[in-house]
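Hi there,

Here is the structure I promised to pass on to you. Have a look at it first, and then read my notes below.

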Amino acid sequence: MKIRVYRFNPERDTKPRMQSFEVATRPGMMLREALLDIRALDESFGFRHSCGEGVCGSDGMNVNGVNCLACITPLADLTEPVEVRPLPGRPVIRDLIVDMSQFYLQYKAVQPYLIRKEPLPEQEIPQTPAERDRLDGLYECILCGCCSTACPSFWWNPDKFHGPAALLQAWRFLADSRDQATDERLDALDGPYKLFRCHSIMNCVAVCPKELNPTKAIGHIKELMLEKAV
Amino acid sequence: MSRQAAGLKAWIIQRLSAVYIVLFGSYLAIQLVFAPPASQAEFVAWVAAPLVALGLLLYIPLLLLHAWVGIRDVLIDYIKPYELRVGVLSFFALLLLGSGVWAIQAVLVARAMLSGPGITG
């Protein structure tokens, strides 16, 4: 199978280029394995990967124009020649490795942890099954960054718009019955940029490898904001 | 637009105005396609009819507000230099305001013509 990969070393190259490799495929082979074969041919080729089973979120990349995790993308599903590029909109460190600092800063900005005003109890804080169910479809996010780097609003304003991944987590804690900072969280999200740059383009939903729905979560935040405002 | 109006308020203005624009816009389109006025006098009489005039006087500012929020969104996304953004925003604000004043006076003139001595020409 012919695979073209993005190559760029900012210390050495003046501009990026695409390099073609022929990879012998095996039944059930995933793209990550093909990239490992390419690295065996050229050890200077750089890409992140770790768990190999869609849990760690390390190997997010853009394949034939769509963001995905290489470790759970079967080669059999891809059209030749396979074009593998880094996640869009992020500064390239080397080849497929991008700088995700801004993505993590946006994640940090939504305070992705429980905030309690009452003193913490000695034991765990119980939830009803219904309260726990509200977290389904939210807590599963592995922060691979496929969604935010597929979002045009995040491309244009990565320093100001939180992006779908961070906003999904913002809703995850707003929806949590144990959290006690709803008003503060909503106040922090108002303004034209942090939340309201989302125009429901839904690229995030289309590419999420865990099949989560950040657009729906963002809609819930807007509804809650409205509910608290009237 | 105040800082508060920048996020939630702009969003809700856009959503609510969209509902009215779809409903009244559909009425305007259906009326003009299936029962177009035969003459200018008939058109003026239709515009000046109390319910249509009221509908238009509500439609015009809501349409302009909706357009303002949309244009503002596009400019916030694409125009980064502060001075250029303020300049382009001001241009569209004046354009929309001017269009609104012109459209509202047209409805009011139609009302005045209907209640006046009659339409000539």
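**Where the two domains meet**

Across the interface of domain 1 and domain 2 of chain A, the rule finds 0 salt bridges. Please keep in mind as you read that this is a predicted model.

What does the interface have, then? There are 4 residue pairs in polar contact across the interface of domain 1 and domain 2 of chain A, with both residues of each pair at pLDDT 80 or more. On the side of domain 1 of chain A that touches domain 2, the largest share comes from strand β4 (residues 66-69), which gives 4 residues. Sorted by class, that side of domain 1 of chain A has 8 nonpolar, 5 polar and 1 charged residues.

How many residues take part on each side? In chain A, 14 residues of domain 1 are in contact with 14 residues of domain 2. The size of an interface is often given as the accessible area lost when the parts come together. Between domain 1 and domain 2 of chain A, the buried area is about 970 Å², and carbon and sulfur atoms give 60% of that.

**The chain as a whole**

In case you want to find your way around the picture, the domain assignment of chain A gives domain 1 as 2-98 and domain 2 as 101-229. The centres of these two domains of chain A, taken over C-alpha atoms, are 29 Å apart. The C-alpha trace of chain A spans about 60 × 35 × 30 Å along its principal axes.

The secondary structure of chain A comes to 8 helices and 7 strands. Chain A has 230 residues, and 47% of them count as buried. If you take the contacts in chain A between residues at least 6 apart in sequence, 62% join residues at least 24 apart.

**One residue to look at**

Is Asp42(A) buried or exposed? Asp42(A) counts as buried, because its relative accessibility is 18% and the cut-off for buried is under 20%.

Which residues does Asp42(A) touch, leaving aside its neighbours within four places in sequence? Asp42(A) is in contact with Arg7(A), Gln19(A) and Phe21(A). With Arg7(A) there is also a polar contact, made between the side chains of Asp42(A) and Arg7(A) at 2.9 Å.

Best wishes

Key
Residues are numbered from 1 along each chain as its sequence is written. Chains are lettered from A and ligands numbered from 1 in the order in which they are written. This is a predicted model: local features need pLDDT of at least 70, side-chain atom pairs count only at pLDDT 80 or more; totals for chains, interfaces and linings use all residues. Side-chain values use heavy atoms; hydrogens and water are left out. Domain bounds come from an automatic or database domain assignment. Contact means heavy atoms within 4.5 Å. Buried area is the accessible area (1.4 Å probe) that two parts lose on being put together, summed over both. A salt bridge is a side-chain nitrogen of Lys or Arg within 4 Å of a carboxyl oxygen of Asp or Glu. A polar contact is a pair of N or O atoms within 3.5 Å; within protein, one must be able to donate a hydrogen and the other to accept it, and residues adjacent in sequence count only if both atoms are side-chain atoms. Helices (H or I, at least four residues) and strands (E, at least two) are DSSP runs, numbered from the N terminus. Ala, Val, Leu, Ile, Met, Phe, Trp, Tyr, Cys and Pro count as nonpolar, Asp, Glu, Lys and Arg as charged, and the others, Gly among them, as polar. Buried means under 20% relative accessible area, exposed over 50%, partly exposed in between (1.4 Å probe, protein chains only).
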